[in-house]
Amino acid sequence: MEKKMKMVMLLAAAAFIGGIAWVVFSVPKEENVKEAGDPGPRLMEYSSNTIREEKDGKVIWEIYAEQSQMNVDTQDTVFQNIKGKYYQGDKLITITAPHGVYNSKTRNVRLDGGAKAVTSDNETLDCASLEWVADEGRLLAIGKAKLVRGEVTITADRIEAADEFNSFKAQGNAHIVKGKE
């Protein structure tokens, strides 16, 4: 009987020590712990929303999204199901993508999930993501980029449009084909 009692006491002590060890080692790391009452980022959600950027009274681009979520503090915005217009010189570029992000600090826009752009003169650009770099005035097609301009098809890991969408730079696995594919 005394042996059984010692065994029960030993098991109880082991369970108690195991419980304490679990509590000590399962405490979340400090960077993942929120302050009490901290609700996280303050977000505003919109349906059927349009944002645009203007320079010298002229619209540079505008984005319509079925759903938008804006961080109230940073003004950064996440978009779902995007239709956009990018005005480059005398060309209008219509852009579609399933997802996108606007960074209010840099004024850059990144569209991803498979972006497609079509110019007013029927040039097409397909890529994994499309980025407008505001300070540099560049449009970057990144990831399996394919540009079709009349009889010329350019494929590359990255295609950069410049000079009002009249000149392009293809980088990484670049391939140019003239004529029908």
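**Figure 1. The largest cavity of the predicted model holds about 130 Å³ of space.** A search of the whole structure finds one cavity of 30 Å³ or more. The lining of the largest cavity comprises 13 residues, and Trp61, Ile95, Val109, Leu111 and Trp132 are the closest to its centre. Two or more lining residues come from each of the elements β2 (58-71), β3 (77-88), β5 (108-119) and β6 (124-133). Sorted by class, this lining contains nine nonpolar residues, one polar residue and three charged residues.

**Figure 2. The largest pocket has a volume of about 320 Å³.** Lys55, Ile60, Tyr87, Gln88 and Trp132 are the closest to the pocket centre among its 16 lining residues. The strands β1 (43-55), β2 and β3 each give two or more residues to the lining of this pocket. Its lining consists of seven charged, six nonpolar and three polar residues.

**Figure 3. Strands β6 and β7 form a hairpin.** The two strands run antiparallel and are joined by eight bridges, with β7 spanning residues 138-149. Leu125 has Leu147 of β7 as its bridge partner. Four residues lie between the strands, and Gly137 in the turn adopts a positive phi of about 60°.

**Figure 4. Strands β7 and β8 form a hairpin with two residues between them.** Nine bridges connect β7 with β8 (residues 152-162), and the pair is antiparallel. Ile142 is paired with Arg158 in β8 as its bridge partner. Within this hairpin, Gly150 has a positive phi near 60°.

How values were computed. Residues numbered from 1 in each chain as written. Predicted model: local features only at pLDDT ≥ 70, side-chain atom pairs only at ≥ 80, totals over all residues. Heavy atoms only, no water. 1 Å grid on protein atoms, 1.4 Å probe; cavity = no way out; pocket = protein on both sides within 12 Å on 5 of 7 lines; lining within 4 Å. Points joined across faces, edges and corners; volume = space filled by probe spheres on them. Nonpolar A, V, L, I, M, F, W, Y, C, P; charged D, E, K, R; others polar. Pairing = 2+ DSSP bridges.
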